[in-house]
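Student: I should like a close look at a single helix of this protein and at its surroundings. Please give one connected account, with the cut-off of each term stated where the term is used.

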Amino acid sequence: MGHTILNKKFKFRSVFISDIHLGFHGCNADLLLSFLRHAECEYLYLVGDIIDIWSLKRKRYWPQNHNNVVRTILGKAKHDTKVIYVPGNHDELLKTYNDMVFGNITINTKHIHTTVNGKKYLITHGDEFDQVVKYSKWLAKVGSKLYDWLLSFNSLVTKVRNFFKLNHWSLSAFIKYRVKNAVSYIGSYEEALAYTAQKNDVDGIICGHIHHPEVSIIKNIEYCNCGDWVESCTALIEDFDGSIKLVEWGDLIEMQDQKKQDYADGRTA
């Protein structure tokens, strides 16, 4: 990705990632691998759309780095990390295997996570709150194809930025967050999930689906969206004090690179 490799390990109690879209050419698998290899955790939650079955049905695409992501996750599941997979709409076939365990990975359509300080969070991908996906799957798939086209152009932007060693930036995310209807949709989606959390008598909700990373308070509910590994390249983490935070991995690498450069400049001055 045009950055130096970090040597530092980051320890978290829990890590939540969603919308990886393995099998789709827009997946930032290398950046995700960097994060997974540097993040040690007791719990790893895969919050839906991990494998993009929709995309794989249209076109076979599975490069080695996508395989490496799967192997890394399986490796964590084998060595003291509890891995829970909450399927989304792009990997909805896995919802039929609710409560089953494959390769030390537990599949749950929904899950309640309790933080170290006793707070409870409902974990769901969030596609059931998307009216387009729920009632008009054909329209959702047309939208998915248009999104693929936009991300194809986005990948060209990414290659150019990597060549000049610039940090990760998503053209598609930039456009989406400036379209009035998209902003309105995101707000309605967040409120719907907060309402569901209230009905389930939990302190917060952790989700994905809309590729919009966010940690905020809505009607006294902590709304936490993991983001994705196509546009934002973000994850949620639980620290050992129980707090939930958003991690922008590309930005963190950029900060580490700058610190190393500042140190080198100071040493040689």
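Tutor: In helix α3, the residues His66, Val69, Thr72, Ile73, Lys76 and Ala77 are buried, where buried means under 20% relative accessible area, exposed means over 50% and partly exposed lies in between, with a 1.4 Å probe and protein chains only. Viewed down the axis of α3, these buried residues fall within an arc of 140°, so they line one face of the helix; the arc is that of the directions from the helix axis to the C-beta atoms. The model is predicted, so to speak of local features requires pLDDT of at least 70 and side-chain atom pairs count only at pLDDT 80 or more, while totals for chains, interfaces and linings use all residues. Residues are numbered from 1 along each chain as its sequence is written, and side-chain values use heavy atoms, with hydrogens and water left out.

The face of α3 turned away from the buried side carries the exposed residues Arg71 and Lys78. Helices (H or I, at least four residues) and strands (E, at least two) are DSSP runs, numbered from the N terminus. Helix α3 covers residues 64-78, and at 1.5 Å a residue its 15 residues should span 21 Å, which agrees with end C-alpha atoms that are 21 Å apart; the expected span is 1.5 Å times one less than the number of residues. After α3 comes Asp80, which has a positive phi, near 70°.

What lies over the buried residues of α3? The cover includes α1, β2, β3 (82-85) and β5 (105-107). The strands among these belong to an open sheet of 7 strands with mixed pairing, in the order β4-β5-β3-β2-β1-β11-β12. At its edges stand β4 (101-102) and β12 (244-248), each with a single partner strand, so one side of each is left without a neighbour in the sheet. Two strands pair if DSSP finds at least two bridges between them. Strands β4 and β5 run antiparallel and are joined by 2 bridges, with Val101 opposite Thr106 in β5.

Strand β2 (residues 39-46) pairs with β1 in the parallel sense over 7 bridges. Within this pairing, Cys41 in β2 is the bridge partner of Phe12, and Cys41 counts as buried at 10% relative accessibility. Strand β1 (residues 10-17) is itself mostly covered, with 7 of its 8 residues buried. Strand β1 also pairs with β11 (residues 234-238), in the antiparallel sense over 3 bridges, and Val15 stands opposite Ile237 in β11.

The wider setting can be given briefly. The protein has 8 helices and 12 strands, and 49% of its 269 residues count as buried. Contact means heavy atoms within 4.5 Å; of the contacts in the protein with a separation of 6 or more, 69% are between residues 24 or more positions apart.
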